[in-house]
Amino acid sequence: MRKIRVVVGPVKMASSTPPRVGSPAGRESARPGGSASLNAHRVMAVLWACLTLVVDRVRYCARVVTHPRSMWQLWSWGRRPVTWALIAEPVVLALIVIASIQAFGTGFTSLDWGYFGLLTLGALIYLIGTNVAAERRRGRDGNATHVDHTSLIFFAAAVLLPVPLAITLVFLVRTHRWWIARKPLFKFVHSTVSIGLSVVGVHAVVEWTAVSSWAPGDTNLAPVGIGLAAAVAAYFAAQAVMVGAARGLASDTWDQPRSQRPPDWARMLRLDMFGSIRDNVEILVTLLIAMTITCAAALWPPLALLVAPLGIFLTIVMQQLEDLWRSASTDSRTGLLRPEILRERAAKILDRAARSGSPTSVMVIDLDHFKQVNDTWGHLVGDRVLTVVAAELRRTARAGDELCRWGGEEMVILLPDTDLDEAVVVAERIRGAVEALEIPITRAAGGDPWVMGGAKDAAGRRRPEEVRTVSIGVAAMPEHGANLDEAMKTADDQVYLAKKNGRNRVCAPERARTTTTAA
């Protein structure tokens, strides 16, 4: 193979004129070993820079691990999932160590190292090509089930590589993914260990079936196909057991007496553990593509690089499909549900509530003086205010609440399993959070940056005309309406009452909660 020499430093045009004796180049070339010394110095500088970067990353990870907040987050996961992790993760690590010892006993071949290099290169290309798309998907999915297409790489590595090399590749890829993971460290470690279990499981299936003895030219492909199908099932099952069990054990359902659980609690628990049908189909398609790439690479090793283009294509296409699906169900400006989608979900929630006898509440939220924002600052600033307020609603609302932009500056939140008193408490929290917002904007005249709500007068008080507030009306079902429309009419009347009484208030039937008013 032709050797490629990498030159570190500025590139200079070649010249046919020899360097002058008194010039720096002439002195360097005349000095014995001068060129070699310079190259060695440059190599040492590059190595030192790489080492410094690695040390900084390690120190950062150490701070994350030892930070009190990280330790608190671990125990906030819950006693059951933490116990599961403390039992399952050491077992998986022991299996990895045992498989690695066996692999070191037999040694690695040049073909193993060749596959490792090709898969590492393919993984690098894939990670660079999908970094932005993967970060957006992770940030958008939040704590929901997330399908990572790096299983393309991990499945191929589990089949083609010895366990130590496959685990090394998993470690490298997951270390890169950590910087965009947006997950607590303990959850990221648990999912990484689950990938390690998948790798060990797939490798064991390969060793126990006809896949390990297959060679190009063999015509009896049925046992090989069965072995590869079993390997796909092993990868899927390992993920389901490790991650699904942790998510299921973390569910609040187990803290409720069986008599107080909703009728469909078992279905909701299965959905939380194993994801939706769409998630599982995406995982299965990814593994089938990985199996195809693995078969191709077994015939000709350079085809292992297919993990890069096919992985990039799959990740980008899935992101586009998700964007298309979300654009059909959510408002483009705020990211909240569209009214027709809220009606569909409300019908299902109210149907479950009717069977279980649990209450459901709704709140209507209207931004105060929003027309004044558009008239004073411009419509782009108005759009910015809507976006920031919607983001604050998502942050302040509870898991399971359904948030919708009903139209203009009016937003609606549906609160399942919530009575009127609890809904008023949630509304008060939302009102206070919106009032405390400071919104970075750009002035229409001159383009100067400004923080709406951040300016203060001579007495140190925020300027009332820049403080954004909301008026909220709350109603409960079936107490104030048998369906969403009837309850929303009652809540809308309460919004009108809050506006009449001075805005920046939460009002509900039979009560009117008054808070600090920004006129």
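User: In this predicted model, is F108 buried, partly exposed or exposed?
Analyst: Buried requires under 20% relative accessible area and exposed requires over 50%. F108 has a relative accessible area of 24%. F108 is therefore partly exposed.

User: What geometry does the pair of F108 and W113 have?
Analyst: A search of the whole structure finds five aromatic pairs. In the pair of F108 and W113, the ring centres are 5.7 Å apart and the planes stand at 75°. Planes over 60 degrees apart count as edge-to-face. The pair is therefore edge-to-face.

User: Which residues form one aromatic cluster with W113?
Analyst: W113 also pairs edge-to-face with F116, at 6.1 Å centre to centre and 90° between the planes. Both residues lie in helix α5, three residues apart. The cluster holds W113 together with F104, F108 and F116.

User: Is F116 buried or exposed?
Analyst: The cut-off for buried is under 20% relative accessible area. F116 has 15%, so F116 is buried.

User: How much accessible area does the nonpolar surface patch with V91 have?
Analyst: V91 lies in helix α4 and, at 47% relative accessibility, counts as partly exposed. The patch is formed by I87, V91, L95 and I98. Together they have an accessible area of about 350 Å².

Note on methods:
Residues numbered from 1 in each chain as written. Predicted model: local features only at pLDDT ≥ 70, side-chain atom pairs only at ≥ 80, totals over all residues. Heavy atoms only, no water. Patch = residues over 30% accessible without salt bridge, like charges linked within 9 Å, V, L, I, M, F, W, Y side chains within 5 Å. Areas by Shrake-Rupley, 256 points an atom, 1.4 Å probe, with all protein chains shown as cover. Salt bridge = Lys/Arg side-chain N within 4 Å of Asp/Glu carboxyl O. Helix = DSSP H or I, 4+ residues; strand = E, 2+ residues; numbered from the N terminus. Buried < 20%, exposed > 50% of the residue type's maximum accessible area, 1.4 Å probe, protein only. Phe/Tyr/Trp six-rings, centres within 6.5 Å; stacked < 30°, edge-to-face > 60°.
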